[in-house]
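Trainee: I would like to go through this model term by term. Please set each value against its definition.

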Amino acid sequence: MVINFKKSYKFAVKSATYITLFSSGVLFLFNYFFLKSNPLFVLGFASIVYIFSFFVLQYRVERFIYRRVKKIYDDVSLLENTSFRNQPVTTDMATLTREVQKFARDKKLEIETLKIREEYRREFLGNVSHELKTPLFTVQGYLLTLLDGAMDDKNIRKKYLQRAEKGVERLIYIVKDLDMITKLEVGDINLELSEFNIVDVIQNVFELLEMRASKKNISLTFDAKYKPIKVIADQEKIQQVVTNLVMNSIKYGKQGGTTEVSIEDLVNNKVIIRVTDNGEGIEKQHISRLFERFYRVDKSGARSEGGSGLGLAIVKHIIEGHKEKIYVESQFGIGSEFSFTLEKTK
């Protein structure tokens, strides 16, 4: 730590003034009552006392304070606070107090941030472990069963291998989503922007998910009378966004419910795509964490529905990669609405 001594003269000036006034007053009274000497003598005496007191106080007191303040700076610098290390040492108590208070606030915020990150890291590792071990144990269980003697029965062998294959497919699905979310989070997202009809994309998604929705008797509704609406974006990734949102709506939808997709014009050549359902809805305390990796509102039921737990996180990163926004509104027991904006061609 480079020490630059930043002096403060307030204490020395005030203290020297007090000493001078007191000593000069005493001398003046003594001179007035006893010596009857020239008043200029008192003035000269006061000047000498003031100058002497000032320099003695400035040197002795500041050095005394400086040694202790320097110790504080040295101790603080061990905490790797660059802003503290690069500042000159000050013996002005008001300045020092402000600096220490600012340092304490910054450190408190840093510690709280680290605690949040540590908690998130533990939760993330636990979620990854849970997501991976379920299909792994499934595959392992069927393979061990086959090795224990079930290989002789052709029908059992085929059935167990098919179930093991499903477990492997789920593992591949999770790993692919993890790979994608990692690339998205580090900014390694290559957008192939083009002009395309967003209406066609939504209709394609409905066709892909029609059978999945029919299993829960969920109606997928979209106004087929929409005229072509041209947007500028990465068509493949926007289709993934719509797919993830509709799949999420089906997953948490209720039997006989509905999922509706709509498109509205906004100002500044923007359109907003809304995915609305009348499913379970989301409690308020969960909404702020919906887009976290592996975060699930229903820890048990969601996993039984499949999915990697990364769908909404991927959606968020893709939309933000387009410099756009995604929104969510939900009321528990009534339903949810996810919406995002895209740039419309002029």
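Trainee: Why is Gly335 called buried?

Mentor: Gly335 has a relative accessible area of 9%. Buried means under 20%, exposed over 50%, and partly exposed in between, with a 1.4 Å probe and protein chains only. So Gly335 counts as buried. This is a predicted model: local features need pLDDT of at least 70, side-chain atom pairs count only at pLDDT 80 or more, and totals for chains, interfaces and linings use all residues. Side-chain values use heavy atoms, without hydrogens and water, and numbering runs from 1 along each chain as its sequence is written.

Trainee: Which residues is Gly335 in contact with, leaving aside its neighbours within four places in sequence?

Mentor: They are Asp277, Asn278, Gly279, Gly281, Glu329 and Ser330. Contact means heavy atoms within 4.5 Å. Asp277 is 58 residues away along the chain, yet the two C-alpha atoms are separated by 5.4 Å.

Trainee: What makes S8 and S9 a pair of strands?

Mentor: Strands pair if DSSP finds at least two bridges between them. S8 (residues 326-331) and S9 (residues 335-344) are joined by 6 bridges. Therefore they pair, and they run antiparallel. Gly335 lies in S9, and Gln331 stands opposite Gly335. The hairpin has 3 residues between the strands, and Gly333 takes a positive phi near 85° there.

Trainee: How are helices and strands told apart from the rest?

Mentor: They are DSSP runs, numbered from the N terminus: helices are H or I with at least four residues, strands E with at least two. The protein comes to 10 helices and 9 strands.

Trainee: In which sense do S4 and S6 pair, parallel or antiparallel?

Mentor: S4 (residues 219-222) and S6 (residues 258-266) pair in the parallel sense, over 4 bridges. Phe222 has Val261 in S6 as its bridge partner. S6 is also joined to S7 (residues 270-277), by 8 bridges, and those two run antiparallel. There, Glu264 is partnered by Ile272 in S7. S6 and S7 form a hairpin with 3 residues between them, and Asn268 in the turn has a positive phi of about 60°.

Trainee: What describes the packing of two helices?

Mentor: The angle between their axes and the distance between the axes. Axes are lines fitted to C-alpha atoms, for helices over the stretch in contact, and angles run from 0 to 180 degrees between N-to-C directions. H5 (residues 154-185) and H10 (residues 311-321) have axes that come within 10 Å and cross at roughly 35°. For H7 (235-251) and H10, the axes come within 9 Å and cross at roughly 145°.

Trainee: Which residues of H5 and H10 meet?

Mentor: Asp177, Met180, Ile181, Leu184 and Glu185 in H5 meet Ala313, Ile314, His317 and Ile318 in H10. These residues divide into 6 nonpolar, 1 polar and 2 charged. Nonpolar covers Ala, Val, Leu, Ile, Met, Phe, Trp, Tyr, Cys and Pro; charged covers Asp, Glu, Lys and Arg; the others, Gly among them, are polar.

Trainee: Which residues of H10 are buried, and what covers them?

Mentor: The buried ones are Leu312, Ala313, Ile314, Val315, His317, Ile318 and Ile319. Their cover includes H5, H7, S8 and S9. Just after H10, Lys323 takes a positive phi of about 60°.

Trainee: How many of the residues in the whole protein are buried?

Mentor: Buried residues make up 36% of the 346 residues.
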